[in-house]
Amino acid sequence: MKIKSKIADEQQMLRSLTRLAHEIIERNRGAKNLGVIGIKTRGDFLAKRIADKISEIENLHMPLGTLDITLYRDDVRQKLKLPELRRTEVPFDITDLNVVLVDDVLFTGRTIRSALDALIDIGRPNTIQLAVLVDRGHRELPISADYVGKNQPTAANESIVVHVVEVDGVDEILLVSEEPSGE
Amino acid sequence: MAQGMNNLLGLRDLSPEAIMEVLDTARSFREVLERPIKKVPTLQGTTVVNLFFESSTRTRISFELAERRLSADVVNFAASGSSVSKGETLKDTARNIEAMKTDVVVIRHSSSGAPHFLSRFLKSPVINAGDGINEHPTQGLLDMFTMREKFGELKGLNVCIVGDIVHSRVARSNIFGLTKAGARVGVCGPKTLIPDYLDQFGVKVFYDVDDAIEWADVLNVLRIQLEREAGGNFPSIREYRLYWGINESRLEKAKRSLVIMHPGPINRGVELDADVADGNASLILDQVTNGVAIRMAVLFLTGVKSS
């Protein structure tokens with residue numbers, strides 16, 4: 001993996017997330033009846049920041065959950081190594097709620113497809129909206145995001161890496177080129 | 001990244017890391033069991049065969065539920081009413097079923113080593129659901145899972161297994177698994193039902209049940225297996241109950257609180273009194289619930305790899 005360029009630093013990432021929070025409030029005319037759910041393992045940290053921001057702006061407590069989609073992936077049996085199973089933790093009833101699903105990068109759309117299945121198994125939301133920090137294109141399924149932090153066209157051999165301070169020690173978005181032998 | 005497993009034959013040949021991986025994976029499945037829709041699509045298109053050559057209620061239903069909750073296709077086989085009664089061998093039975101393009105085999109058999117034997121010639125992963133007096137690995141794992149949920153960690157925990165140790169595959173899987181996880185294991189029972197190989201595993205032996213109660217955080221009480229002729233090893237059921245049966249008055253004497261586990265089925269009023277089995281200290285039904293999660297984890301770690 002070779003770093004080609006830094007797309008966003010800490011400041012720019014913070015601004016994007018703040019804008020996403022504002023857009024979510026605007027679209028939903030407030031934040032009542034709203035819940036934010038992040039997809040593990042980077043989306044959940046971004047979801048927490050967006051939820052905190054919405055709570056701050058609207059002066060309420062935003063319900064926050066995390067989703068592990070491993071069991072719903074369509075490629076779980078094609079990978080040589082098993083992905084580590086984490087836990088879905090949604091401590092509120094999503095039925096009749098407007099759920100904002102948060103992920104770091106929107107690419108083929110397959111992760112989101114799995115996440116939709118996973119969500120529908122735990123309740124029946126009123127709407128599901130999708131917020132992503134980066135949309136890198138190359139969709140393989142008819143899925144699009146409602147809120148996009150940054151549109152970043154990429155080549156097939158490139159990839160987007162989002163680092164968050166909670167696990168990586170730094171907030172940044174990188175454009176990298178994959179080694180030919182990459183996963 | 002998870003490692004997965006090729007087979008689950010016993011806890012004796014599993015590494016401590018592999019055991020912990022099953023327990024950690026099972027926590028995710030425990031959450032699935034609390035959902036309104038208790039089903040995930042992970043093993044869609046995978047066919048699991050349950051080969052039960054010996055009677056079973058809990059284990060068979062638990063495995064079948066685990067399989068169905070992972071969306072696998074399930075085939076149940078019971079020895080009675082099959083061609084086994086016409087003289088077909090275990091090897092032929094298993095190979096014929098596998099030739100119908102099944103993916104995973106779960107086997108319970110009264111002969112120790114039957115799952116190991118199958119694993120030598122089957123392409124499918126083999127999961128041991130209890131073999132003779134050797135091992136019952138998923139029971140061992142679910143016991144460990146239940147203890148870990150209750151106490152936070154297994155390291156340093158004093159676990160005493162009470163009853164017919166020599167005929168018990170549950171005792172063996174508990175001993176292998178718990179010692180690998182850093183727990184201290186003791187056994188307690190009549191001398192005739194304590195095997196002589198325990199020293200090599202560092203297992204403490206109690207002949208007086210009150211001493212065991214004094215020492216233990218967990219009492220894992222085993223069924224007196226009358227069908228395995230344990231009856232010849234002590235004078236009478238009444239006498240067993242008098243000396244080894246776990247009852248409220250015995251537990252009241254203990255200085256510290258302990259929890260009671262039992263793999264089932266219980267002989268109420270023999271190894272365990274009804275008020276203890278149904279009391280606050282009993283984790284018996286938690287064990288049953290956790291069993292489904294453990295079996296989902298084992299099927300996930302073996303089954304996903306196989307397809």
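**Entry 1: the model.** I noted that this is a predicted model, in which local features need pLDDT of at least 70, side-chain atom pairs count only at pLDDT 80 or more, and totals for chains, interfaces and linings use all residues. Residues are numbered from 1 along each chain as its sequence is written, chains are lettered from A and ligands numbered from 1 in the order in which they are written, and side-chain values use heavy atoms, without hydrogens and water.

**Entry 2: aromatic pairs.** I counted seven aromatic pairs over all chains. Rings of Phe, Tyr and Trp (its six-membered ring) pair if their centres lie within 6.5 Å; planes under 30 degrees apart are stacked, over 60 edge-to-face, and the rest tilted. One of the pairs joins B:Phe29 and B:Phe300 edge-to-face, at 5.7 Å centre to centre with 65 degrees between the planes. B:Phe29 belongs to helix α1 (residues 16-32) of chain B and B:Phe300 to helix α11 (residues 284-306) of chain B, so the pair ties together parts 271 residues apart in sequence. Helices here are DSSP runs of H or I, at least four residues, numbered from the N terminus. Both B:Phe29 and B:Phe300 are buried (under 20% relative accessible area; exposed is over 50%, partly exposed in between; 1.4 Å probe, protein chains only).

**Entry 3: charge over a ring.** I recorded the charged end of A:Arg136 over the ring of A:Phe107, 3.8 Å from its centre. The criterion is NZ of Lys or CZ of Arg within 6 Å of the ring centre and within 35 degrees of the ring normal. In chain B, B:Lys91 lies over the face of B:Phe121, 5.0 Å from the ring centre.

Definitions and conventions
Helices (H or I, at least four residues) and strands (E, at least two) are DSSP runs, numbered from the N terminus.
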